[in-house]
Each structure stands twice: as C-alpha cells, then as structure tokens.
Amino acid sequence: MPFPGADGDRYPHRDEVVAYLTAYADRLDADIRTAQRVTSVRRAGSACEVVLEGGGRLRARAVIAASGTFGRPHRPALPGLAEFTGQVLHAAEYRSPVPFTGRRPAVVGADNSAAQIAAELAGTARVMLATRGPVQCAAQPILGRDLHFWTARTGLDTTPLGRLLRRPPGQPVLDDGRYRTALAAGRPDRRPLFTGADGAELIWPDGQREEVDAVVLATGYRADLPHLTDLGGALDADRSPRHRERLATEVPGLAFVGL
C-alpha cells in the first residue's frame, strides 16, 4: 500500500504514519487485537500457545515475532564506566538538551543517533563525541533528491544483502551537511573512546584526563524478545534470535521480521 503523498524527500510526520497504519489495518482481512501484550510463547504439541497478559491464551500453527530491534537499549561494558560517578544514560532516555545546558556531556557512538544528539547538545553545552574511529558521513541529498528516494528506486533498500555479508556494515551518518560542518567546527569535538574513568574524570591511553558531567550511550539496541524465553532454542545466550534468513533454526513454525 503506497504511502500517501510520500515523495522520498522527507521523513513523514507522526500523524501521517498513524493514519497510514490505521488505513492499512482497515484493508486487511485479519483479526487484529490491540492492547494485548504477549508474555510468553510455548510449544503445545505441534502448535504454539501464545499467553497474553491477564491470562488469555491463543493457539497457532505458526508465530512470527515482528517486534523489531529497538526495545532493548544496548549498554556496552565500556572500560571504567562502572567507576564513573557522573550521570550515565542511554540515547533511549535522552529527551532534550535543556538539562545539559552549560555542562560537559560526552556522547559515545558514531552512528546517526550519536551525531544527531551531539550536534543538538552543542547548541547549549560543551559536548564531546567519543568514538572508536572517524565518523563516516554519507550525503543525504544526491542529485537533488533524498538518499531514500534513490534506494527505493533502485531496490537497494529491500535487497537481501545480509546473506552475502559475514558482518553487517557500519551505518554512516546520513548528512545534509550540518553534521560535517558541526564536527569541523569542533561542536561537538570528536575524541577517541576513553579507556577508563576515575570519579567524574574520563581517562585516555595517553594519560589525558577530563572531567565530564554525563555520558550518553548512543550505542544502539538489541532484539527484545523476552516472550520467547520459554520456547526452547528460540534465543541464544545473549537473548538474540537463532535464525537463518528470518526462519528460526531450532523451532519449527517460528519466524522473525524486522531484524
């Protein structure tokens, strides 16, 4: 179902997305049940039993886990972070630059969220962007059209490249010019990733120290599928799905979408 008015040159607004999804649901010949959280999925003979919050149950021959990968913020065990006495928060908890006004926060990460948060914070704070390597930017406007327009036209956005790659490629920062400009001006100032902490000070391998007020972890997310814990073999030790090209490798009748 085409997105109404979508021209590929801007991100849709919230209300446009809500209206699109509502219209999409109205066209489906499906039993759609909202506000029914799934607490667990269990094997019941040759079928699966889906247990709902409140005790309700559903049975199905197949289950597709389509909750995506943005439910569990990833907090890496960065060296020294446990000893850091300042504020530590994930990008999922970041709402506004106002609480950081006049302070010295450090944003960790080199992808879109990290660059966007750091550039926004630079308007009110002396912000540092700490990364393992250089920040890679990709031009968002190309030949007068947005990058998403070209990936849709060429089919690149739906090409299953994952099966050809041993590791997913890094995500460049989609940039209309503002992030390169901000980094070149030192707002934020990019620094290598720190290797330790002492109280409110971050420490680098060369012995340099600097006191910061907060560390914002723009370090991504992991799959959030706690309802599959009781389905033996669905998840690995890191709670990530065991699958090959979206089909569960250990559980017949289970598939994944949005990974």
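Helix H1 spans residues 14-27 and contains both Tyr-20 and Tyr-24, which are 4 residues apart, about one turn of the helix. The model is a predicted one.

Two values are used for such cases: a pair of aromatic rings is described by the distance of the centres and the angle of the planes. For Tyr-20 and Tyr-24 the ring centres are 6.0 Å apart and the planes meet at 55°, so this pair is tilted. An angle over 60 degrees would be needed for edge-to-face, and one under 30 degrees for stacked.

The two residues can also be described by their accessibility. Tyr-20 is buried because its relative accessibility is 15%, and the cut-off for buried is under 20%. Tyr-24 has a relative accessible area of 36%, so Tyr-24 is partly exposed.

## The pair at Phe-149 and Trp-150

Phe-149 and Trp-150 form an edge-to-face aromatic pair, with 85° between the planes and 5.0 Å from centre to centre. Phe-149 has a relative accessible area of 10% and is therefore buried. Trp-150, with 29%, is partly exposed.

Phe-149 also has a charged neighbour: Arg-145 lies over the face of the Phe-149 ring, 3.8 Å from the ring centre.

## Other ring contacts

The structure holds 5 aromatic pairs in total. Ring pairs join Tyr-20 and Tyr-24 with Phe-3 in a cluster.

Another arginine placed over a ring is Arg-191, which lies over the face of Trp-204 at 4.2 Å from the ring centre.

Technical notes. Residues are numbered from 1 along each chain as its sequence is written. This is a predicted model: local features need pLDDT of at least 70, side-chain atom pairs count only at pLDDT 80 or more; totals for chains, interfaces and linings use all residues. Side-chain values use heavy atoms; hydrogens and water are left out. Rings of Phe, Tyr and Trp (its six-membered ring) pair if their centres lie within 6.5 Å; planes under 30 degrees apart count as stacked, over 60 as edge-to-face and the rest as tilted. Helices (H or I, at least four residues) and strands (E, at least two) are DSSP runs, numbered from the N terminus. Buried means under 20% relative accessible area, exposed over 50%, partly exposed in between (1.4 Å probe, protein chains only). A charge sits over a ring if NZ of Lys or CZ of Arg is within 6 Å of the ring centre and within 35 degrees of the ring normal.
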